[in-house]
Amino acid sequence: MFDKLIDIRDMRWYTLISKCTKNEHLSIIFKGCVCLRILVTSEYSKKGLDKLKEWFGEIEYIPWTEKGKALSKAELMEILSKFSPDGIITELDNISAEVIDKNENLKFIGDCRGTPSNIDLNAAKNRNIPVFYTPGRNAQAVSELLVGMLIAFYRNLIDAAKWTKGGNWIDPPPKSYYMYQGNELYGKTVGFVGFGAIGQITAKMLRGFGCEILYYDPFVTIDDKNIKSVTIDEIFKHSDIVTVHLPVLDTTKGMVSKELISKMKSSAIIVNTARMAVMDSEALYEALKNKNIRGAIIDVFNHEPPDANDFRIIELENVLATPHICGATFEVVDHQSDIINNQIKDYFKL
């Protein structure tokens, strides 16, 4: 689909950009400023917006957070008709072939997401419109919360906090000590399925706790004697913690199968902060319900908000479930703004 792969290695961030020659009518360029109209519907930092204004002049900022959801097709088409932008920076909006084809001035699209799944990439390529996006924008955020949730799970932190707030601490400390006695991360074998930016940052953090690190990723080679590349079967057979970091592709849907889950140790836990589509959720439910594995930490579900099938997993006592918040930090907005701006700066040679 793409003709050019630009590797901007800093936490293994990759930018895939359609091969594109700048349109002859880009705009008048003077004193380092390309005179373009830019529509921004993603969250964007003030510093990032100021830089866009310095480079291009006119910025229309309508972040999705104002309504708490993406623009509808009608709303988006109305704004595009009125503003006629040369560039769009989005996060949630569906930039379809129709949107692209009806905006003749469009020179670039920025997408503040790990993968540009809301952009019709073929339509963009047909118009020679580059698409910039932001792998790695939330890598630090996800990694930090993942480690925190592992500690919370092993140390029974959620139940202990609820018990304390509920006014139950009426006996001397030894009772609560033994009620919520848990396990350390030290000495645990952690197996990563997918070892991109999030996996590598998390692994570095867990090494600090004395964990052994295994990974399966046919696209990654790590030159570190403390990190071992193994088969996916070995990940599931030998890990105390299996943590999944896969994008949703035709080749990864359902990749974490019933067969693989059945290979896990009864004392093992599984973590999914990526997408539930890469996992056989029914097999996961059965393994958890029947206590074939110790438990799971899940931040993503087949339906968001969850449906009845998702709640079957959420309500299990051996599941720590969160509402897709692993990447939810204020700093992520700064990261995505910087990543998109750096790509724009390189493309326009600003």
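**A parallel sheet and a helix pair**

Strands E13 (residues 241-244) and E14 (residues 269-272) run parallel to each other and are joined by 4 bridges; strands here are DSSP runs of E with at least two residues, helices are runs of H or I with at least four, both numbered from the N terminus, and a pair of strands needs at least two DSSP bridges. Within this pairing, Ile241 has Ile269 in E14 as its bridge partner. The model is predicted, so to speak of local features takes pLDDT of at least 70, side-chain atom pairs count only at pLDDT 80 or more, and totals for chains, interfaces and linings use all residues. Residues are numbered from 1 along each chain as its sequence is written, and side-chain values use heavy atoms, with hydrogens and water left out.

The pair belongs to an open sheet of 7 strands, ordered E12-E11-E10-E13-E14-E15-E16 with parallel pairing. E12 (227-229) and E16 (319-321) sit at the edges with a single partner strand each, so one side of each lacks a neighbour in the sheet. From one strand to the next, the twist averages 15°.

Turning to the helices, H5 (residues 139-154) packs against H8 (residues 197-207) at about 45°, with the axes 9 Å apart; axes are lines fitted to C-alpha atoms, for helices over the stretch in contact, and angles between N-to-C directions run from 0 to 180 degrees. H5 and H8 are therefore oblique to each other (under 35 degrees is roughly parallel, over 145 roughly antiparallel, 65 to 115 roughly perpendicular, and the rest oblique). In the contact (heavy atoms within 4.5 Å), residues of H5 including Val142, Leu146 and Leu150 meet residues of H8 including Ile198, Ile201 and Met205.
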